[in-house]
Amino acid sequence: MKKIILFFLFSVISIYSQNFPESYLLENELRLKKVTSGSPVQLGNSITDIVVAGDTVILGTGKGLSISYNRGESWINFYNHPDFDKESISAVAYKNGYIWVATAHSVKRDGQVLPEGSGLRFSSNGGLTWNKVNQPMDHKDSNKVVYGINVLNALPITTTINNITYDIGLTTDAVWIASFAGGLRKSTDLGRTWQRVVIPPDNLDSIKPTESYNFDLSPVSGNLGYQSNLNHRVFSIYVQNDSTIWVGTAGGINKTTDGGKSWVKFNKQNQTNHISGNFVVAIGGTEYQNKHYVYSATWKAEDLTEEYGISMTSDGGKNWSISNKDVRIHNFGFLNKIAYAAGSTGLFRSDDFGSNWIKAPTIVDSLTKQRILTSTFYSVASQGSTIWVGSNEGLAKTTETGFAWAAPWRVYLAFVPVKSKAETYAYPNPFDPEDDVLKIKYTTDGKDEKVTIRIYDFGMNLIKTIIQNAPRSGAIDVRIQQTEFWNGKDEFGNVVSNGVYFYSVQIGNDEPAWGKILVIR
């Protein structure tokens, strides 16, 4: 299991004085502060989480937090902000006027790159001000935890390495966090103190506080000889309501219906109609015609019979149906009965409760022609009929029409602005065609133009025409700037040799702008 968990962790990739309100409870939901100015796009293109509330869209990205208060027309970016520094965002949640955000970064230890949790931030005024909460850790002598009539051994988590919060759940009176090595924890005082929440060990399918137990609350054995419980390595949370909470771990799915006191566990081994795999990286749900549907991203763990897939239940976990086998899903979004799934091989939609999933085609902005070519999607959320999707190469939105992926797209790509039509740049540069796609950035100065882009070798021989007299729109927004792509191949489909290449961007009848590319394989 260690290899599987480390693979997942590697794919995810700092003091503010705390002023805590007297109570977390609010009589009326606060409205997020309306802001009309800001950047035309988010700052990061790797969108790990999307949360919507009214007109507000909140993004967790590899370059910090981004918030739009006007449905994506402008963005406030918090990267390099005094309250966030240069932290990546590992989880976002919103409820009753509170935004909660978990942050993280990578560190090198003994030649390895490891994830490190750097705490949480919360705002009660729509992001105007923030309070910082340190990543929860235990005192080295905190080796006991009370569970009902029991006093259980508990491995103290005294480090922030691998203690990274991957998901946040909010109930009326508490914030719950899934923190891998830190396990499942909750706070009822806005992060001043944290309680370790006891869930079943690997060898038990359920627990309740009135029964006697003798197990360790421990995700790993450690040097002290504790039990190693995959089910105490926590990755995902779904709050159905204040009483019913679902928690995904490396050992299955755990459900409570009494606010976290008693738990029942569902996994590949303990049910007839079971989940596909025990490594549960995401859980979400939707209500339709008085019935609740819970979807989970279930990955392979230790059992060789486990599979990647989507596991769905409509009867509270008694039975699960499995779909989209062999697909690694990262997150879910919902609009009534329609489910959306963001995965490592594409973006999917189902309107028949997971029986069939339709994959989205390549996303192309209908006006600017900007594209998202990646197949890796991390996040998806609905804002009314607007569907937001986050990938590892940008953000996009479309409209749900009742037919799969039938409406036009709008694409938001973070970029360094080009000052005029006379300028251009390309990235990544140097460029390896085996690992990436070259992006060529330019602007039409807010006008509708026809554009031609060509690639030449060092001897100025034509290698590839990327586009020729292609219509490109900039009139929708003067701040929109274009991106075209080159896969490193010539006109005959052959990958070019290492060396220096030049490209030209001709807009209308203007003199072309030139740029240089270094290809290294």
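**Getting to know a predicted model**

Student: What share of the 521 residues counts as buried, and what makes a residue buried?

Tutor: Buried means under 20% relative accessible area (exposed is over 50%, partly exposed in between; 1.4 Å probe, protein chains only), and 56% of the 521 residues count as buried. Please keep in mind that this is a predicted model, where local features need pLDDT of at least 70, side-chain atom pairs count only at pLDDT 80 or more, and totals for chains, interfaces and linings use all residues. Residues are numbered from 1 along each chain as its sequence is written, and side-chain values use heavy atoms, leaving out hydrogens and water.

Student: How do you know whether the radius of gyration agrees with a compact globule?

Tutor: The radius is taken over C-alpha atoms, and the globule rule is 2.2 Å times the number of residues to the power 0.38. For 521 residues that gives a value near 24 Å; the protein has 24 Å, so the two agree.

Student: What counts as a helix or a strand, and how many are there?

Tutor: They are DSSP runs numbered from the N terminus: helices are H or I with at least four residues, strands E with at least two. The protein has 1 helix and 41 strands.

Student: Why are β9 and β10 said to pair?

Tutor: Two strands pair if DSSP finds at least two bridges between them; β9 and β10 have 4, so they pair, in the antiparallel sense.

Student: What lies between β9 and β10 in their hairpin?

Tutor: There are 2 residues between them, and G148 in the turn has a positive phi of about 60°.
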